[in-house]
Amino acid sequence: MKVGLTSHITFVLVTLTCAAAVLLCGFAWLAAVKVDDLYLRRQADFVGQGLEEQISALPREQESVTKWDDAFLYAKQRNHEWLLDNVGRWTSRYFGHDRTYIFDDTNRLMFAFRDGTDAMPPRLGSDDGREMTELAGEMRAALIESKKPGGEPLGQLARVRTIMIGNRPAITSARPILPSSTRMQIEAGQEFIAVSVKFLDGKAAENIAHYARLEGLHFSRSKGDDERAQVPVSSHEGGTIGYLVWHPIRPGFMLLKQIAPAGLGCLALLIAAVFWLGRGLHRTSLTLLDSRAELTHHRNHLEEMVADRTAEIERQREELDRLLAHERHVNALQRQFVAMASHEFRTPLAIIDAAAQRLCRSTTNVSGDYVLEKAGVIRSAVVRMVGLMESILASGRLETGQIILKRSEGDLKALLTECCEKQRPLSRAHVLHLDIDAIPDSLSFDRSAMEQVFTNLISNAVKYSPNAGDIRIGARVDEKTVEISVADSGIGMDAEDLPKLFQPYFRARSATGIAGTGIGLNLVKQVVELHGGRVDVRSELGKGTTFTILLPIERLSQGQQFAA
């Protein structure tokens, strides 16, 4: 009976080994398919991003020669040699533009640099004459529209199109030639227009292939064999003019091909080893005694219990050490906060006391303006103390979970403007530049909490940029997010301090000597997160800091309350 049992065990082991090998091969094949599918999607994403970058880069490259006092002046003077060296050859050599045309204020072609050669007399190519003329005319119409109220700013005018020139795909861009300073003035309707052409099947395709790390990328008018290894090239009218096609890279199946022979050999060896081990078990299992197996079981169980208990004790010790270190850290932060808060309260109290003493000594010949001045000093110090108390109380309520945001419909743009107006009298040496028209007129938020957020960020920008007067508050909105930024050109921070910037009571090393408690930014972070958003910060020592608040439009459109 025991011989039959060991033979059965051997058979079961071999069968299980074969089943496991089959499952492993199946999982390997499925993983290869998934990896290849993901990799092909990533390739398409990179090619698509590279194409978008080439399209968006053309007007930026054009701007280097069209928004320039010299270009404006020499174009007006029709100085062909200067335009040839500084526009035609420059854009061809440094940006890879295949063709560059300049139309004068009467829409006549006055300069042409095509395929690395100066075209004299200036003339359009036989394959692009109609397209270039239409693009210049479209830019001329856009210039006329920009003069109307609410029109597009003149310096931002650009018309980018993806078209076919002959049998070649190309990116074209038209921009007006404008002065870069206020020393020169341009009269409406007298603008010169520059048009640049970059062929997609030339240097641009090489740049996209280099960006996507692909070989064999090229333009084709028809679809390739694998629809996953191609990206459509769309015209400005919405149609498809062709496809960027490349040789797909499939790392999953490449790896399977490489390891398949070795894997099959290992599988055969594994089956043979399992069979041999089963035969050995058949020969030796008859000699084992039940009592010895039981003793071994108890011994192993005892060792496991000792090891588990030892590991549990070690874990508890590590946890106690961690809690003790955390407690010491919290105590140090509290002592630091008490010292900073004491200093912060002492300063406005000293101001109040000094102003009161001067009023007491001036019992005669005191003018109303003098009393008003000292009362203003006292009120400013009181406002500073109240603001400090509000920050401390709000931070405490957030830490104890006692704050509930009371959201209501309101104008976030008006609130931000109001915060800036309150800040201006406190620091007349600074200029607040607002560009927040993009913020929607009606959103759902807690006005009091968001006022503390904006006040903290604006006052910090003023406080930490004593010698840089420009503070820029901007906003932009996309389909999902309202983004508000506060940027200064002040003292900035070390990169090492940024990860700890939003911790309670933490202050950057560059802030030494500047008043502060270290709780404002922690309050900003928690309030923004309660609104479903986040706060990002970018800073460089000596070059300023930019705080960016990102709020989800979906959450700002809901009216429910959220508890801290």
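In the predicted model, helix α9 (residues 412–423) packs against helix α10 (residues 447–463) at an angle of about 45°, and the two axes lie 9 Å apart. The angle makes α9 oblique to α10. The crossing of α9 past α10 is right-handed. On the α9 side, the contact is formed by L412, L415, L416, E418, C419, C420, K422 and Q423, which meet R447, M450, E451, F454, T455, I458, S459 and V462 of α10. By residue class, the contact of α9 with α10 comprises 9 nonpolar, 3 polar and 4 charged residues.

Two segments of the chain carry an annotation. An unreviewed UniProt entry gives the feature "transmembrane region" for residues 12–33 and 259–278. In the model, residues 12–33 are 100% helix and 0% strand, with the end C-alpha atoms 32 Å apart. Residues 259–278 are likewise modelled as 100% helix and 0% strand, and the C-alpha atoms at the ends of this segment are separated by 28 Å.

A further site concerns S539, which is located in strand β16 (residues 534–540). A polar atom of the S539 side chain lies 2.9 Å from the backbone nitrogen of M493. The S539 side chain also makes a polar contact of 2.8 Å with the side chain of T545. When residues up to four places away in sequence are left out, S539 touches G492, M493, L498, G544 and T545.

Terms used: Residues are numbered from 1 along each chain as its sequence is written. This is a predicted model: local features need pLDDT of at least 70, side-chain atom pairs count only at pLDDT 80 or more; totals for chains, interfaces and linings use all residues. Side-chain values use heavy atoms; hydrogens and water are left out. Axes are lines fitted to C-alpha atoms, for helices over the stretch in contact, and angles run from 0 to 180 degrees between N-to-C directions. Helices (H or I, at least four residues) and strands (E, at least two) are DSSP runs, numbered from the N terminus. Angles under 35 degrees count as roughly parallel, over 145 as roughly antiparallel, 65 to 115 as roughly perpendicular and the rest as oblique. A crossing is left-handed if the near helix is turned anticlockwise from the far one by less than a right angle, and right-handed if clockwise. Contact means heavy atoms within 4.5 Å. Ala, Val, Leu, Ile, Met, Phe, Trp, Tyr, Cys and Pro count as nonpolar, Asp, Glu, Lys and Arg as charged, and the others, Gly among them, as polar. UniProt positions are given in the numbering used here, feature names are shortened, and annotations may be inferred rather than shown by experiment. A polar contact is a pair of N or O atoms within 3.5 Å; within protein, one must be able to donate a hydrogen and the other to accept it, and residues adjacent in sequence count only if both atoms are side-chain atoms.
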